[in-house]
Amino acid sequence: METIIIIVFLAGYLAITLEHNIKIDKLIPALAMMAILWAIIALSHMDVFEVNTVLQELEPTHIDEILLHHLGKTAEILVFLLGAMTIVEIIDYFDGFATIKGYIRTRSKKKLLWLFAILAFILSAIIDNLTATIVLITILQKVVSDRNTRLWFAGMIIITANAGGAWSPIGDVTTTMLWIANKVTAGQLVIHVLLPSIVCMVVPTFIASKNKAFKGNIDGDLVLEETKSKYGSTMLYLGLGAIVFVPFFKTMTHLPPYVGMMLSLAVVAAFAEIFSNKKFSISTIDGGEHEEGSHHSPVHHSLSKIELPSILFFLGILLAVAALESLGMLFHYAQSLNEAIPNTDIVVLLFGVGSAVIDNVPLVAASMGMFGQALDSPLWHFIAYSAGTGGSMLIIGSAAGVVAMGMEKIDFFWYLKKISWLAFIGFISGAGVFILLRDFVLHG
């Protein structure tokens with residue numbers, strides 16, 4: 001039966017990676033794979049286990065107990081993401097991200113490159129790399145008219161957004177997973193991964209700045225729209241501050257991160273409702289306009305805009321990987337891998353390269369079932385870095401890349417030829433800094 005389990009998982013995984021070719025949303029194979037795997041386990045009465053990370057052994061358990069355990073862990077991540085997504089949509093409802101356009105004061109392509117790189121790095125650490133990419137490419141389309149130049153900017157935004165998401169517990173789904181699973185703490189993650197992530201951002205940006213694509217000035221004058229709501233900037237800073245508050249809340253209370261995110265959402269939503277009760281006119285994302293003096297709930301509107309397909313995809317893929325973990329397959333695979341490649345640094349680097357080809361979410365989920373290292377082991381920090389930044393090497397290797405590909409119609413092979421080598425240099429440079437920092441500074 002284990003062979004059938006592996007075949008089902010690989011078939012589902014293949015359908016997920018070929019989403020754009022077969023024109024089927026990846027949430028469908030993810031959910032089907034998850035349900036089929038657990039059905040096979042139940043119908044075949046296969047033995048299931050819980051991994052004892054302390055004793056490094058498998059302990060028998062019952063299918064109902066282990067499924068409920070994994071559903072609880074998965075729900076923590078999904079509820080956290082729902083809260084973060086809703087806060088971002090509330091900011092967007094008030095056109096808060098238009099405030100960021102005010103930072104753009106130059107027509108120099110090189111200066112704009114560094115400005116977008118820094119904004120992507122900082123924003124992705126707060127609102128996650130996917131949302132940061134959407135926001136910045138939307139701004140980019142209003143600032144740069146030449147499409148070829150815009151493609152270069154978009155490619156660099158992907159690299160720098162992924163680098164920015166890797167060092168923050170709220171910057172990437174994979175780092176959030178490690179944080180919620182108590183593999184890393186926010187403070188130690190920042191200490192270990194911030195400098196490597198900066199190097200991963202700076203090195204390719206510096207090399208790209210020498211390219212002729214970033215010589216001279218952009219065409220035309222900077223025509224920047226003003227925020228459509230007078231509360232836009234207030235909601236931007238309030239929303240970003242509320243998300244940043246979550247790691248501090250967890251540190252103070254030792255409660256799961258989703259509790260802090262729900263508190264932050266409640267505060268942001270309360271201000272949104274207060275502001276929307278006042279008389280103002282605001283254009284919504286879909287182009288409609290509220291009438292003066294009317295009241296529309298920004299919270300209800302924002303909840304209708306969140307990416308539910310992504311939430312369902314994470315549910316499917318995380319519980320599918322949990323099925324393999326519960327059968328002890330990942331535990332035995334990790335033992336075999338450690339025997340074949342004793343150097344875990346090489347294994348983690350291969351994870352990084354692998355995340356460019358296949359989704360980094362199941363890779364990190366699998367790594368959590370494979371390794372039993374203690375909280376804040378440098379291994380978990382290195383996995384956070386590699387899985388977060390490695391996906392930049394191919395445009396389909398990260399959520400930021402996929403959304404940029406859709407927004408700017410970036411050709412896969414153009415990215416492979418022009419941007420991939422820059423992403424690889426950034427990835428390796430940052431990895432080298434991580435190893436040096438770990439071995440000679442933090443744990444020397």
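Leu14, Leu18, Ile22, Ile24 and Ile28 come together as a nonpolar patch on the surface, with about 410 Å² of accessible area between them. Areas here are Shrake-Rupley values with a 1.4 Å probe, and for residues only the protein chains shown count as cover. Patch members need over 30% relative accessible area and no salt bridge; nonpolar side chains (Val, Leu, Ile, Met, Phe, Trp, Tyr) are joined within 5 Å, like charges within 9 Å. Leucine 18 sits in the loop between α1 (2-17) and α2 (19-22), and at 34% relative accessibility it counts as partly exposed. The scale runs from buried (under 20% relative accessible area) through partly exposed to exposed (over 50%), with a 1.4 Å probe and protein chains only.

A word on the model: it is predicted, so local features need pLDDT of at least 70 and side-chain atom pairs count only at pLDDT 80 or more, while totals for chains, interfaces and linings use all residues. Residues are numbered from 1 along each chain as its sequence is written, and side-chain values use heavy atoms, with hydrogens and water left out.

## The overall build

The protein chain has 20 helices and two strands; these are DSSP runs (H or I, at least four residues, for helices; E, at least two, for strands), numbered from the N terminus. Its radius of gyration is 22 Å, in agreement with the value near 22 Å for a compact globule of 444 residues. That radius is taken over C-alpha atoms, and the globule rule is 2.2 Å times the number of residues to the power 0.38. The C-alpha trace spans about 65 × 50 × 45 Å along its principal axes.

Of the 444 residues, 54% count as buried. Among contacts (heavy atoms within 4.5 Å) between residues at least 6 apart in sequence, 76% join residues at least 24 apart.

Helix α15 (residues 344-354) buries Asp345, Val347, Val348, Phe351, Gly352 and Gly354. These pack against α14 (329-340), α16 (360-370), α17 (378-390) and α20 (420-442). Asparagine 343 caps the N-terminal end, with a side-chain oxygen 2.9 Å from the backbone nitrogen of aspartate 345.

Aspartate 345 also forms a salt bridge with arginine 438 (2.8 Å, N to O). This pair links distant parts of the chain, α15 and α20, 93 residues apart. A salt bridge here is a side-chain nitrogen of Lys or Arg within 4 Å of a carboxyl oxygen of Asp or Glu. Arginine 438 is buried at 12% relative accessible area, and it forms another salt bridge with aspartate 439, again at 2.8 Å. Aspartate 439 is partly exposed at 34%.

The whole structure has three salt bridges. One of them joins glutamate 408 and arginine 150 (2.8 Å, N to O). Glutamate 408 lies in α18 and arginine 150 in α7 (residues 147-166), so the pair ties together parts 258 residues apart in sequence. Both residues are buried.

Serine 398 is in the loop between α17 and α18 (399-408), buried at 9% relative accessibility. Its side chain makes a polar contact of 3.1 Å with that of asparagine 162, and a polar atom of the serine 398 side chain lies 3.0 Å from the backbone nitrogen of glycine 401. Polar contacts are N or O pairs within 3.5 Å; within protein, one atom must be able to donate a hydrogen and the other to accept it, and residues adjacent in sequence count only if both atoms are side-chain atoms.
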